Amino acid sequence: MSTTVIYKPWDLLIHEVWVLGIVSTWAWGCSTSEDLLPQFRASIGKNHLDIGSGTGYYLRQGEIPATTLLALLDLEHPARNLGLQRCGRPDACGLQADILQPLPVTDTFDSVSMYYLLHCIPATMAEICAIFKHIKRNMTLDGIIHGASVLGKGVRKDNCFAAHVRRSGLNTGIFHNTDDNAYDFEHALPTNFEEVETRVVGSVFMFRASKPKQKKRVIC
């Protein structure tokens, strides 16, 4: 996964207003306030990892208890640092890693979130789905992973606004979701987690999965 900086701090602030306030609802048909935030708020544990925090919007609006330990992970320094600055938690810690690979930390988390991240990763669907296998190694036995991603296949026909946003995202290299589909996600999640909830809202795949499956021990 390239270390090229995609977003600068100012870009991320525009992203919050544009993507979460306008595009999500009017292009993708999935409301941040009515669909995404409620799932986020209902899925926070005592030791939480947020991957791809962006502007820290969900961390500020997610009603996270003050007692929750909070970590932010991103591949890019500017995005990680802005998330730390704006998440409203001076005690939050920052991690830098490529989630296409196993995380280079031994910490375990009982909740992990990744909202509007997966469709921006330049990788195949197989590589994206393997992220769940990597992340579950850093989750507790009853841990929950939750998030949302814009799909490229098997969704409703884009309206004119959505078609423009999608085309622009693909042309500028921000989107890499041409082959992203609910079927592959819905296969990968049960492969790695005991309990899985998924739904497609407009063009957005939302998921919440818990209890990471453990590698079976072979007894000779």
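View 1. With a relative accessibility of 0%, His 146 counts as buried (under 20% relative accessible area, with exposed over 50% and partly exposed in between; 1.4 Å probe, protein chains only). The model is predicted, with local features requiring pLDDT of at least 70 and side-chain atom pairs pLDDT 80 or more, while totals for chains, interfaces and linings use all residues. Residues are numbered from 1 along each chain as its sequence is written, and side-chain values use heavy atoms, leaving out hydrogens and water. His 146 belongs to strand β5 (residues 139–150); strands (E, at least two residues) and helices (H or I, at least four) are DSSP runs numbered from the N terminus. Its side chain makes a polar contact of 2.8 Å with that of Tyr 115 (N or O atoms within 3.5 Å; within protein, one able to donate a hydrogen and the other to accept it, residues adjacent in sequence counting only if both atoms are side-chain atoms). The His 146 side chain also reaches the backbone oxygen of Ser 43 at 3.1 Å.

**View 2. The two sides of helix α6.** Ala 162, Val 165, Arg 166 and Gly 169 of α6 are buried. They lie on the same side of α6, because they cover an arc of only 95° around the axis (taken from the directions from the helix axis to the C-beta atoms). Cys 160 and Asn 171, on the other side of α6, are exposed.

**View 3. The ends of helix α6.** At the N-terminal end, Asn 159 caps α6 through a side-chain oxygen 3.1 Å from the backbone nitrogen of Phe 161. Gly 173, with a positive phi near 80°, follows α6.
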